[in-house]
Amino acid sequence: MLNQVRHGERMRQAMSLFDLTGKVALVTGANTGIGQGIAVALAGAGADIAAAGRSPADGTVDKVRGLGRKGENFVADLSSVGAVQPLVDAVLAEFGRIDILVNNAGIIRRADAVDFTEEDWDAVMDTNLKTLFFLCQSVGRHMIARIEKEGGSGKIINIASMLTFQGGIRVPSYTASKSGVGGLTKLLANEWAAKGVQVNAIAPGYIATNNTAALQADETRNRQIMERIPAGRWGDPADIGGAAVFLASPASDYVQGHILAVDGGWLAR
Ligand code: NAP
């Protein structure tokens with residue numbers, strides 16, 4: 001009986017480490033794929049969700065509300081920095097605070113390096129890196145001011161990639177942008193750790209989403225990719241949710257500037 005009580009107490013302590021009740025999370029690119037997987041996982045842990053993206057995230061918001069949390073849509077085209085401050089202002093007006101920022105919105109353009117266009121360079125760098133930095137800046141300012149006033153914490157999670165560590169092929173601007181995301185994550189962690197804001201990244205492996213539809217459809221590339229994944233399968237957006245809850249929660253309070261690979265073992269090969 002005593003053992004059961006102790007076990008129950010330990011379970012409660014373990015669960016509270018991952019509890020996000022009362023927290024507000026702004027998730028970009030939340031209508032589909034990894035963004036949806038993360039938003040639903042954060043809501044499952046108790047967070048309210050501001051779902052931002054260029055298309056309304058109705059399906060995600062429905063799932064969040066189904067979990068008993070508040071979920072609202074914020075339509076914002078994050079291909080230009082001009083969208084950042086109006087988005088942050090709108091989320092603060094609706095929710096009053098932002099405790100967690102997940103910079104997930106991103107695009108990819110594929111072409112041989114010899115043919116790669118400036119348009120494809122700029123489009124990817126603007127959305128994946130420039131807007132990501134200025135969203136970190138805007139939300140970081142809010143978090144730092146709030147923490148100075150009332151204590152608490154701020155958690156920023158940037159979505160990196162295997163190409164934060166590797167070169168990839170036929171995706172020069174994507175590789176440059178995701179390598180940049182890794183560097184910025186560490187820089188911001190260095191500047192903001194002492195102010196109570198944690199900045200970390202998740203590097204997903206090969207996850208079955210719109211972003212990787214071309215690779216999944218290419219029989220040869222699909223086989224090559226599958227052969228290298230020790231887990232023996234493509235990842236599912238829900239596979240990223242646990243890492244996001246960890247990095248958003250008190251369980252990771254001493255984790256700073258880390259890039260957490262969730263890749264079925266890809267990098268271990
Ligand atoms: P996805 O299904 O294509 O999702 C991308 C999300 O970003 C969508 O919600 C998309 O909105 C949004 N987005 C794109 N451009 C935007 C813009 N200008 N303004 C606002 N939102 C915009 O792909 P995903 O795989 O889930 O990708 C999510 C993130 O994970 C990206 O940063 C990607 O680079 C990264 N990632 C993916 C993989 C993978 O294997 N899938 C691996 C490593 C990293 P729309 O639906 O309206 O276009």
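This is a predicted model: local features need pLDDT of at least 70, side-chain atom pairs count only at pLDDT 80 or more; totals for chains, interfaces and linings use all residues.

Colleague: Fine. How many residues surround the ligand, and which are the closest?

Modeller: The ligand is surrounded by 29 residues. The closest are Asn31, Arg54, Ser55, Tyr174 and Thr209.

Colleague: How does that shell divide into nonpolar, polar and charged?

Modeller: There are 15 polar residues, 11 nonpolar ones and three charged ones.

Colleague: What lies 2.3 Å from an oxygen atom of the ligand?

Modeller: That's a polar side-chain atom of serine 55. Lysine 178 also has a polar side-chain atom by a ligand oxygen, at 2.9 Å. With isoleucine 34 the backbone is involved: one of its N or O atoms is 2.8 Å from an oxygen atom of the ligand.

Colleague: How much of the ligand does the protein bury?

Modeller: The protein buries 93% of the 880 Å² that the ligand exposes when taken alone.

Colleague: And where does the ligand sit?

Modeller: In the largest pocket.

Colleague: Which elements give two or more residues to the shell?

Modeller: Two helices do: H2, spanning 33-44, and H6, spanning 172-192.

Colleague: Switching topic. Where is asparagine 104?

Modeller: Asparagine 104 is in the loop that runs between strand E4 (100-103) and helix H5 (118-150).

Colleague: Buried or exposed?

Modeller: Asparagine 104 counts as buried because its relative accessibility is 11%, and the cut-off for buried is under 20%. A polar atom of its side chain lies 3.0 Å from the backbone oxygen of glycine 29.

Colleague: Where is arginine 170 in the fold?

Modeller: Arginine 170 is in the loop between strand E5 (154-159) and H6. Its relative accessible area is 40%, so arginine 170 is partly exposed.

Colleague: Last one, lysine 70. Which loop is that in?

Modeller: The one between helix H3 (58-66) and strand E3 (71-75). Lysine 70 has 31% relative accessibility and therefore counts as partly exposed.

Colleague: How far is lysine 70 from alanine 47?

Modeller: They are 23 residues apart in sequence. In space, C-alpha to C-alpha, lysine 70 and alanine 47 are 8.1 Å apart.

Key
Residues are numbered from 1 along each chain as its sequence is written. Side-chain values use heavy atoms; hydrogens and water are left out. A residue is near a molecule or strand if one of its heavy atoms lies within 4 Å of it. A polar contact is a pair of N or O atoms within 3.5 Å; within protein, one must be able to donate a hydrogen and the other to accept it, and residues adjacent in sequence count only if both atoms are side-chain atoms. Accessible areas come from the Shrake-Rupley method with a 1.4 Å probe; for residues, only the protein chains shown count as cover. On a 1 Å grid over the protein atoms alone, a cavity is a set of points where a 1.4 Å probe fits but cannot get out, and a pocket is an open set with protein on both sides within 12 Å along at least five of seven lines; lining residues have an atom within 4 Å of a point. A molecule sits in a cavity or pocket if more than half of its atoms lie within 2 Å of its grid points. Helices (H or I, at least four residues) and strands (E, at least two) are DSSP runs, numbered from the N terminus. Ala, Val, Leu, Ile, Met, Phe, Trp, Tyr, Cys and Pro count as nonpolar, Asp, Glu, Lys and Arg as charged, and the others, Gly among them, as polar. Buried means under 20% relative accessible area, exposed over 50%, partly exposed in between (1.4 Å probe, protein chains only).
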